[in-house]
Protein chains: 2
Amino acid sequence: MTSDATRRGGPGRRPGKVDTKGQILEAARAEFAAKGFDRTTIRAVAAAAAVDPGLVHHYFGTKDDLFVAAMELPFDPRMLVPLIVGQDVDGLGERLVRTFLGVFENPDVRERILGLIRSAVTVDHAAAMTRDLIDHVILTPVADALGGGDDARFRVTLVGSHLVGLALARYVLRLEPLASATSDQIIERVGPTVQRYLST
Amino acid sequence: MTSDATRRGGPGRRPGKVDTKGQILEAARAEFAAKGFDRTTIRAVAAAAAVDPGLVHHYFGTKDDLFVAAMELPFDPRMLVPLIVGQDVDGLGERLVRTFLGVFENPDVRERILGLIRSAVTVDHAAAMTRDLIDHVILTPVADALGGGDDARFRVTLVGSHLVGLALARYVLRLEPLASATSDQIIERVGPTVQRYLST
């Protein structure tokens, strides 16, 4: 004899149990896509998911945290910020390029990031979400740490554009000899470029 | 009274006239997509289009020329080569970035190039065709002019990756302040980077 519960999801699962976290994430993705980061509120996400705003904070923390969770990134891009700004300025370019390339070494993570890039270049609202993500989670904190202002932001966007282009040329277009170069060969050339953009 | 000819394409067009050039281009696109640049021959394209190989040469010139025509580019990327290698090394980075950004200033041309980039990142055979295009039409001649060998090619791919990333960040993601920066502001920063990659 088979009960409803075992048929639905095994004995550990209560019948009709609602996936509240999943509903919140779905509502968050819809809100961020429709309104962008700035005009999305935790309150609106909670309303769309039919839960209390406190529950959204309880599960996901700040709006930044919720955004990172909603994007389903394979890693938290905020880990890059202390790496860029929290250590010695010497070797900063090298550390950043090394970490960036390291993220692509895991094939699963690489595929998910390339998937994000593909959506960002083909779907308008994905481009907007990716722009918001980069802006709020990496660009603004790094630029602030470099002294803030438009010039610091500008230099950080140049670094970001170089690294994204590098990933495309190496992993998507597979241009040789860039595609078969070792990380060290790339770091040796690109590290100083990144260093100059960030330090002058 | 309306003749077949006027109904089909106006009085200047013979009835049943075959678009031979169009057929050759279609055959070329299919061959390049299926086999890549290296393994595609003018002879095979001619056979697929059911014309004489001499006619392919007559209409389109070399295999390079045919490839550029088949990609339906809004400009001939080979114009970049003499610009990079045929002039003084001083100011080479600046000239290259200025020309690259200039290409994007015409909205129609910009949309077509972004369309190519979109296909290249989402469709595998488009990525292969774009790789072949960049390789045979820009990368190899520029690298040869810089002395040839893997190191020259590597440095040219780094320049290309930076410029493609710049186009994505500025025109697709529209990251600020990069998206609203003037060409001169970008040239001032990125020109020296490109110069260093190409000259050291």
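Predicted model: local features only at pLDDT ≥ 70, side-chain atom pairs only at ≥ 80, totals over all residues.
T40(B) has a relative accessibility of 1% and counts as buried, where buried means under 20% relative accessible area, exposed over 50% and partly exposed in between (1.4 Å probe, protein chains only). With residues up to four places away in sequence left out, T40(B) touches E31(B), F32(B), K35(B), V45(B) and K63(B), contact being heavy atoms within 4.5 Å.

Residues are numbered from 1 along each chain as its sequence is written, and chains are lettered from A and ligands numbered from 1 in the order in which they are written. Local features need pLDDT of at least 70 and side-chain atom pairs count only at pLDDT 80 or more, while totals for chains, interfaces and linings use all residues; side-chain values use heavy atoms, with hydrogens and water left out.

Chain A contains 11 helices and 0 strands. Along the principal axes, the C-alpha atoms of chain A fill a box of roughly 65 × 40 × 30 Å. Of the 200 residues in chain A, 46% are buried. Among contacts in chain A between residues at least 6 apart in sequence, 60% join residues at least 24 apart.

The packing of nonpolar residues was examined next. A nonpolar core is defined as a set of buried Ala, Val, Leu, Ile, Met, Phe, Trp, Tyr and Cys residues joined through side-chain atoms within 4.5 Å. The largest such core has 129 residues, of which L66(A), I186(A), L66(B) and I186(B) touch the most other members. In chain B, L25(B) is found in helix α2 and is buried, at a relative accessible area of 16%. Beyond four places in sequence, L25(B) is in contact with F60(B), L66(B), A69(B) and A70(B). L25(B) and F60(B) are 35 residues apart along the chain, and their C-alpha atoms are separated by 9.3 Å.

Side chains of opposite charge can pair when their charged atoms come close. Over all chains, the search finds 14 salt bridges, each a side-chain nitrogen of Lys or Arg within 4 Å of a carboxyl oxygen of Asp or Glu. One of them is formed by R98(B) and E94(B), at 3.3 Å from N to O. R98(B) and E94(B) are separated by about one helical turn, because they stand 4 residues apart in helix α7 (residues 92-103) of chain B. R98(B) is partly exposed, with a relative accessible area of 39%, and E94(B) is partly exposed at 40%. R98(B) also forms a salt bridge with D184(B), with the closest N and O atoms 3.3 Å apart. This pair links distant parts of the chain, as R98(B) lies in helix α7 and D184(B) in helix α11 of chain B, 86 residues apart. D184(B) is partly exposed, at 47% relative accessibility. In chain A, a network of salt bridges links E94(A), R98(A) and D184(A).

The size of an interface is often given as the accessible area lost when the parts come together. Between chain A and chain B the buried area is about 3500 Å², with carbon and sulfur atoms giving 69%; this is the accessible area (1.4 Å probe) that two parts lose on being put together, summed over both. In this interface, 39 residues of chain A are in contact with 39 residues of chain B.

Across the interface there are 2 salt bridges. R189(B) pairs with D151(A), the closest N and O atoms being 2.9 Å apart. R189(B) lies in helix α11 (residues 183-199) of chain B and D151(A) in helix α10 (residues 149-172) of chain A, so the pair joins two chains. R189(B) is partly exposed at 22% relative accessibility, as is D151(A) at 38%. R189(A) forms a salt bridge with D151(B), with 3.0 Å between the closest N and O atoms. On the side of chain A that touches chain B, α8 (107-122), α9 (124-145), α10 and α11 (183-199) each supply at least two residues. The largest share of that side, 15 residues, comes from α10(A).
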